[in-house]
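Student: I've got a protein to look at, and I'd like to talk through its sheets. Can we go over it together?

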Amino acid sequence: MALSTRHLLGIKDLTAEDISLILQTAQQFKEVLQRPIKKVPSLRDITIVNLFFENSTRTRISFELAEKRLSADTINFTASGSSVSKGETLLDTVNNILSMKVDMVVMRHSASGAPHFLAKHIPAAIINAGDGINEHPTQALLDALSIMEQFGTLKGVRVAIIGDIMHSRVAQSNIYLLKKMGAEVIVCGPPTLIPKYMEEAFNVRVEYNLQKALEWCDVANVLRIQLERQNQVLFSSLREYNLVYGINRRLLESLPKKITIMHPGPINRGVELDSDVADSDQSIILQQVENGVAVRMAVLYLLSNRQ
């Protein structure tokens, strides 16, 4: 089987069959990662450039590790210290890199739609590692794999996405994926952090009461407050946010059932999650990080047409 697309620009562009194929392939690569020798020659002689115009820790390291595990040749690019700081355009930057015979581009950019623009202008396969407030497809895929490991399926699982929905590309990609795979989704957060069009545009329920959202869900995917993307004050203080929407041990213990806690990172401890929740046995945050390598290996492998 092969993917229906030659790029991974967003979950919106994938079919349910594409998503299932990526998750199945990721499970196979996860078995590879348990071996004493974790490297396979699947992408030998393939050259991949990691083009990061925004800061990243988990995503960048995860992609780099996935590429090395597949035996690909890797080039790392950061905007600071490059000719971008001298005024070079995005297209010129990438074309110069491609002239060095690069096969795939993993790209993170602050502008929504930047990977889509590149996909129309260059021949290499493009993987979106996060574009503005639009999408972060590999994060949604690794979240889906983590949920499947807990519940055996995505169909019928109740997922509450909690926090800064308005500025979150993770929320958007997760909603697209979960809906396509038969999960039930609600979004929860302050009214100022949830777009007014959410219910109508995405066909998801909106809940402003955290207690009700947690009582309903099987999984709480908690997002951080993205202060760097907010150009106006949308709530009075982080302390107030924590008091109303922060998840702590006392709140979890008051629920009628045990729920699973997820977070795409980085965690603002003491804001959206207290440490006794983030580090508890209900949290699968570190499993998400581990699954990120397997999912990115699967995406790189499937888009390389080596299968």
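Tutor: Two strands pair if DSSP finds at least two bridges between them; strands (E, at least two residues) and helices (H or I, at least four) are DSSP runs, numbered from the N terminus. This is a predicted model, where local features need pLDDT of at least 70, side-chain atom pairs count only at pLDDT 80 or more, and totals for chains, interfaces and linings use all residues. Residues are numbered from 1 along each chain as its sequence is written, and side-chain values use heavy atoms, leaving out hydrogens and water.

Student: Which residue is the bridge partner of H109 in β4?

Tutor: Start with strand β3, residues 104-109. Five bridges join β3 to β4, and the two run parallel. In β4, the partner of H109 is D131.

Student: What is the order of the open sheet of four strands?

Tutor: Its edge strands, pairing on one side only, are β2 (73-78) and β4 (125-131). The pairing is parallel, and the order is β2-β1-β3-β4.

Student: Which helix packs on that sheet, touching β1, β3 and β4?

Tutor: Contact means heavy atoms within 4.5 Å. Angles run from 0 to 180 degrees between N-to-C directions, with axes fitted to C-alpha atoms, for helices over the stretch in contact. The helix here covers residues 285-303 and makes about 150 degrees with β4, and its name is α12.

Student: In the other sheet, which residue in β6 does V159 stand opposite?

Tutor: That open sheet has five strands with parallel pairing, in the order β7-β6-β5-β8-β9. Five bridges join β5 (158-162) to β6 (184-188). Opposite V159 stands V185.
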